[in-house]
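Biologist: I'd like to learn how to read this model feature by feature. Could we take it slowly, one idea at a time?

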Amino acid sequence: MPNFGNLLLNENMKIFRRPRTWIMLSFLALISLLFPVLLREGMAAGDVYFWEAAITTVQIVFFLNTIFCVVIAAEAVAGEFTWGTIKLLLIRPWSRSKILASKYVTVIAFSLLSTILILLLATGMSYLLFSHDGSVSGSGSSASYAFELWAYLYVDLFITLAIAFMVSSVFRSGALAIGLSLFIMFTQSIFALIFNPDRYEWAKYVLFNNMDLSRYMSSGMDFGLLGGGNAGMTLGFSVAVLAVYYVIFMVISWVVFSKRDVAG
């Protein structure tokens, strides 16, 4: 464990010693604080419940959060090959599995940090600027709705990071990992429409049709401006499908990285 702790410390230093990381976190913080202000300017603050404003803010900022986290995940392994530091890392007395695990844990920790930062700032600013009367939105249970929605948003991010990490490990290309992950983000809804499970039975096993878990939420409490409805398969089914894809992505990453020849 001490060795693994040193690996985690080393990976975190690689991330947080770069000005780019602090710029990304600062940008997320700024948008999380600024967007509720913009909402307040465009709406009557007394007519909007603060949870509604917080939900809308997080949904919008989370898109940027996903992009920034993908950048970190994409360069976790590919960056070592690009900078030529992979040989220096592998000659250390650590197994390749521990090295890859430390990189992945660090990526997930960064995604949790950035997500918590967004949630705290967006909710705090919305609390200061908007109404605390739940009756303005017709429901007193919006907090539970918000945390459920945010959990589903993070699941989507979690799977996207797994894809970026796998591509980074297999192809040693940060650009490809970022490009493919962004492609999935932008085309997820389009492919879900094309490969409709109501039309094709096999389509319910397609990754794109299972990533957006928020569609299983109750449409009766559709706070925010980007809410979606319930459709298609069950929540348990989609979680099981995502779990299978996740295991496949991780196995491919570990097998390829463990067997890769870096002598050249």
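Biologist: Let me start with a single side chain: what is the relative accessible area of R20?

Modeller: R20 has a relative accessible area of 28%, so R20 is partly exposed. Before we go on, note that this is a predicted model, in which local features need pLDDT of at least 70 and side-chain atom pairs count only at pLDDT 80 or more, while totals for chains, interfaces and linings use all residues. Residues are numbered from 1 along each chain as its sequence is written, and side-chain values use heavy atoms, leaving out hydrogens and water.

Biologist: Thanks! How many helices and strands does the chain have?

Modeller: Both are read as DSSP runs numbered from the N terminus: helices are H or I with at least four residues, strands are E with at least two. Here the chain has eight helices and zero strands, giving the pattern α-α-α-α-α-α-α-α along the sequence.

Biologist: Now the charged pairs. How many salt bridges does a search of the whole structure find?

Modeller: A salt bridge is a side-chain nitrogen of Lys or Arg within 4 Å of a carboxyl oxygen of Asp or Glu. The search of the whole structure finds five. One of them joins the side chains of E75 and R20, at 3.1 Å from N to O. E75 is in helix α3 and R20 in helix α2, so this pair ties together parts 55 residues apart in sequence.

Biologist: Which other residue does the side chain of E75 meet in a salt bridge at 3.6 Å?

Modeller: That is R18, with 3.6 Å from N to O. R18 sits in the loop between α1 and α2 and E75 in helix α3 (residues 50-83), so to speak two distant parts of the chain, 57 residues apart. R18 counts as partly exposed because its relative accessibility is 23%, and E75 is partly exposed at 23% too.

Biologist: And are K103 and E11 buried or exposed?

Modeller: Both are buried. Their side chains meet in a salt bridge of 3.2 Å, N to O. K103 belongs to helix α5 (residues 96-129) and E11 to helix α1 (residues 2-16), so the pair ties together parts 92 residues apart in sequence.

Biologist: Let's turn to helix packing. At roughly what angle do the axes of α6 and α8 cross?

Modeller: Axes are lines fitted to C-alpha atoms, for helices over the stretch in contact, and the angles run from 0 to 180 degrees between N-to-C directions. Helix α6 (residues 142-171) and helix α8 (residues 235-259) have axes that come within 9 Å and cross at roughly 25°. That makes α6 roughly parallel to α8, given that angles under 35 degrees count as roughly parallel, over 145 as roughly antiparallel, 65 to 115 as roughly perpendicular and the rest as oblique.

Biologist: What is the handedness of the crossing of α6 and α8?

Modeller: A crossing is left-handed if the near helix is turned anticlockwise from the far one by less than a right angle, and right-handed if clockwise. α6 passes α8 in a left-handed crossing. The crossing of α6 and α7, by contrast, is right-handed. The axes of α6 and helix α7 (residues 174-194) come within 8 Å and cross at roughly 150°, so these two helices are roughly antiparallel.

Biologist: How far apart are the axes of α5 and α8?

Modeller: They are 9 Å apart, and the helices pack at an angle of about 135°. That makes α5 oblique to α8, and their crossing is right-handed.

Biologist: Where does I159 lie?

Modeller: I159 is in helix α6 and counts as buried because its relative accessibility is 4%. Its C-alpha atom is 9.1 Å from that of A243, 84 residues away along the chain. In helix α5 you can look at I118, which is buried at 0% relative accessibility.

Key. Buried < 20%, exposed > 50% of the residue type's maximum accessible area, 1.4 Å probe, protein only.
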